[in-house]
Amino acid sequence: MSIAVDDEHISTRMRLRARGWDGVTLLILPAVALMLGLFIYPFLYGFWLSFQPKAGSLFANYARFFADPYLYETVAKTLWIAVPVTLLNLLAAIPVAFRVRLMQRQRWLTTLLVLPITLGTVLVAEGLLNYLGPQGWLNRTLMLFGIISSPVKLLHNYWGVFLSLVITGFPFTFLLTLSYVTGIDPALEQAAATLGAKAASRFRHIFLPLLVPGLAITFCLSFVQAFSVFPSAVLLGAPAGPTRVISIAAYQAAFEEYDYSLASAIAMIMGFIQLAIVGGVLALRGLFYRGPAGGGKG
Amino acid sequence: MAISAFAVSDATAAPSMAAKPLSHRLWVTAVWTLIGFFLINLIAMIAAVITSSFASRWLRSWLPEGATTKWYFSAWSEFQLDDVLVVTFQVVFAVTALSGLIGVPAAYAMARREFPGKKLIMLLFLLPMLVPPITYGIPLATVLYRSGLGGTMAGVILANLVPTVPFVILVMIPFIEQIDPKIEAAARVFGASTLRLFTSVLLPLLLPGMLAALLLVLVRTIAMFELTFLVAGPTSQTLVVALYYAVFAAGVRAVQSIDAMAVIYMAVTVVWLIIALRFVNPAQIVTRAKQTKAH
C-alpha cells in the first residue's frame with residue numbers, strides 16, 4: 001500500500017509509529033476532542049468570562065463576591081457542613097471497614113450500601129423529608145422510647161443537610177476505605193500477630209501507616225462531594241439561611257439573575273477552594289510519610 | 001480481592017478468638033450497632049416513601065389510614081410521566097451508546113500503546129471524574145446555552161458524556177490490558193483483516209467488560225441530577241430532574257403524589273441496578289476511579 005508513497009512520507013510515518021503514534025493510537029482522538037471541547041474549553045471560557053463582569057472593572061465579580069456577606073458567607077457555610085460530615089463519615093468508615101473486611105459475605109452489605117449512592121441525593125432528600133419530619137418515623141420512635149418529649153426539628157435547617165450527606169456520603173466513604181483496607185497484604189498482619197502484637201497495636205503500627213495515603217485520597221473525594229452539595233441543601237436545608245451553600249449562590253447567579261459572568265466567578269472560587277483543600281491534604285500526606293514512623297495518629 | 005479478604009478472616013480470627021477480652025467484644029458490638037443503625041435508618045427512609053405513596057390519608061399516626069393506588073395514576077398524569085420517561089430513556093440510551101462508541105476505542109488505544117503525552121491524556125480523563133459535576137456544570141451550561149444547545153436534548157446528552165466517557169475508559173483500560181495481545185497477533189498471522197479481527201476476535205473478548213461498564217453508565221446517567229438539571233429545558237427533563245422540581249414545588253401537589261413519582265424513579269433505577277449487579281461487584285460503582293488513580 002505504501003510502496004508508491006515517497007521516501008519523506010514514509011519516514012515521517014515511521015518516525016511517528018516509532019514513538020507510538022499509529023492508527024490504533026488515533027482511536028483516542030474522539031474522546032480527547034470531547035474532553036477538550038466539553039470540559040477544558042468551558043473551564044477556560046468560564047475563567048475568561050469571570051473577568052468580563054456586567055459592570056465594573058476586570059475584578060468586579062471577585063470584588064463583589066468578597067464584599068457582599070450574602071455571597072462570601074457561603075464559603076464558610078459550605079465548609080461548616082462539608083468538613084464535619086466528611087470527618088464523621090471517614091472516622092465511622094474506618095472501624096466499620098475493619099469489621100466488614102472479616103465478613104464472609106460482604107456482597108449483600110455492599111449492595112445495600114450502594115443503594116443510596118445509586119438513588120442519588122434528590123431521592124434521599126425526598127425520603128428524608130418524610131422520615132425526619134415532625135410526624136415521621138424517626139421522631140415517633142425517639143418519642144416512643146422516651147428519648148425526647150417533643151419532636152426534634154431536623155428539617156429545613158443545618159441538620160437536614162448534614163443527615164442527607166451522611167446517608168449518601170457514608171456508603172461512598174466506606175466503600176472506598178474498604179477497598180484500601182482489603183488491598184493491604186494480610187501476611188503483614190499475620191506476621192505482627194505471630195510476634196504477639198495486639199489488635200490495637202497492629203492497627204497503629206501496621207495498618208495505619210499503610211492506610212494513610214488511601215485515607216487522604218478518600219478524604220479528598222468525599223470532601224469534594226460534600227462541598228458541592230446542592231439538591232439536599234435546597235430541599236432539606238434553609239437555602240436562604242444557614243445552608244445557603246456556594247453552589248446555590250452560583251446557581252442563583254446563573255439561572256435567576258442571568259449573570260453568567262458572576263456565576264462563572266463563583267464556580268471558579270468553588271473550584272479553587274476544592275483544589276486548595278485537596279492540595280493541602282495531599283501535602284500533609286507527604287509530611288506524614290517523611291515524619292517519624294511511630295507517629296500513629298490519623 | 002474477595003479471596004484475600006477470606007484469607008484474612010481465617011488467619012486473624014483464630015488468634016483473637018482464643019483470648020477475647022471484654023473490651024474487644026464491646027468494640028465489636030459497638031461497630032455492628034453502628035452498621036445496623038445506619039442500615040435501619042436507610043431502609044426505614046425508603047420504606048417511608050413507599051408507604052406514603054400507597055397511603056390514602058396519613059397524618060399524625062404510625063401508619064396510614066388506608067391503602068390506595070390512586071396516587072400513581074394522579075402522579076402519572078400530573079407530572080406527565082409518560083413524556084418524562086420517554087425523554088429519560090432517550091437520553092440514557094444515547095449517552096450509554098455514545099460513551100461506548102467513544103470510550104471503548106480510546107481505552108483500547110490507552111491500553112495497547114505507549115506514546116508521549118499519555119500521562120497528560122490520562123489526567124484529562126481523570127479530572128472530570130474527580131471534579132464534582134456542579135463545579136464544571138455551571139461553565140459547561142454557560143457554553144451550551146451560548147451555543148444554542150442549552151435546553152435541548154442534544155445539550156443534555158453532550159453534558160452527560162463528560163463524566164461517562166472517562167468512566168468507560170477507566171473501567172475498560174485494565175480489562176483490555178489483561179487480554180493477551182498475542183491473540184490479536186495470531187489472528188493477524190492467519191490473515192484476518194482489521195474488520196474481521198475486530199468482529200471475530202476483539203469484540204467477543206471485550207463484550208463482558210463493555211457490558212459491565214455500559215450498565216454502570218446507564219445507572220449513573222439515570223441518577224445524574226446536577227448536569228441534566230443545569231442544561232435541561234422543559235422538554236428535555238429526565239425523571240430525576242422532574243422529581244426535584246416536584247419536591248421543590250411541594251405544597252402544590254399532594255405529598256403522596258410526589259412519593260409515588262419517587263417510587264417510580266426508584267423502580268426504574270433499581271431494575272437497572274439489579275441487572276448491573278449481576279455483572280459487576282457493587283463496590284465497583286464507587287472504587288473504579290480510585291483504583292486507577294492509585295498507581
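User: How many residues of chain A are in contact with chain B, and how should I read such a count?

Analyst: A contact count rests on a distance cut-off, here heavy atoms within 4.5 Å. In this predicted model, 93 residues of chain A are in contact with 97 residues of chain B.

User: What area do chain A and chain B bury between them, and on which atoms?

Analyst: Buried area is what two parts lose in accessible area on being put together, summed over both. For chain A and chain B the value is about 8700 Å², and carbon and sulfur atoms hold 79% of it. Helix H5 of chain A, residues 107–131, gives the most to the side of chain A that touches chain B, contributing 22 residues. By class, that side of chain A has 66 nonpolar, 19 polar and eight charged residues.

User: How many salt bridges and polar contacts are found between chain A and chain B?

Analyst: The salt-bridge count between chain A and chain B is zero, whereas eight residue pairs, both residues at pLDDT 80 or more, are in polar contact across the interface.

User: Which domains does chain A have, and what lies between them?

Analyst: Chain A is divided into domain 1, residues 19–49, and domain 2, residues 60–290, with 31 Å between their centres when these are taken over C-alpha atoms. Four residues of domain 1 of chain A are in contact with five residues of domain 2 of chain A, and the area buried between these domains is about 390 Å², with 70% from carbon and sulfur atoms. The side of domain 1 of chain A that touches domain 2 has three nonpolar, one polar and no charged residues.

Key. Residues numbered from 1 in each chain as written. Chains lettered and ligands numbered in written order. Predicted model: local features only at pLDDT ≥ 70, side-chain atom pairs only at ≥ 80, totals over all residues. Heavy atoms only, no water. Domains from an automatic or database assignment. Buried area = accessible area lost by both parts, 1.4 Å probe. Nonpolar A, V, L, I, M, F, W, Y, C, P; charged D, E, K, R; others polar. Salt bridge = Lys/Arg side-chain N within 4 Å of Asp/Glu carboxyl O. Polar contact = N/O pair within 3.5 Å; in protein donor to acceptor, adjacent residues only side chain to side chain. Helix = DSSP H or I, 4+ residues; strand = E, 2+ residues; numbered from the N terminus.
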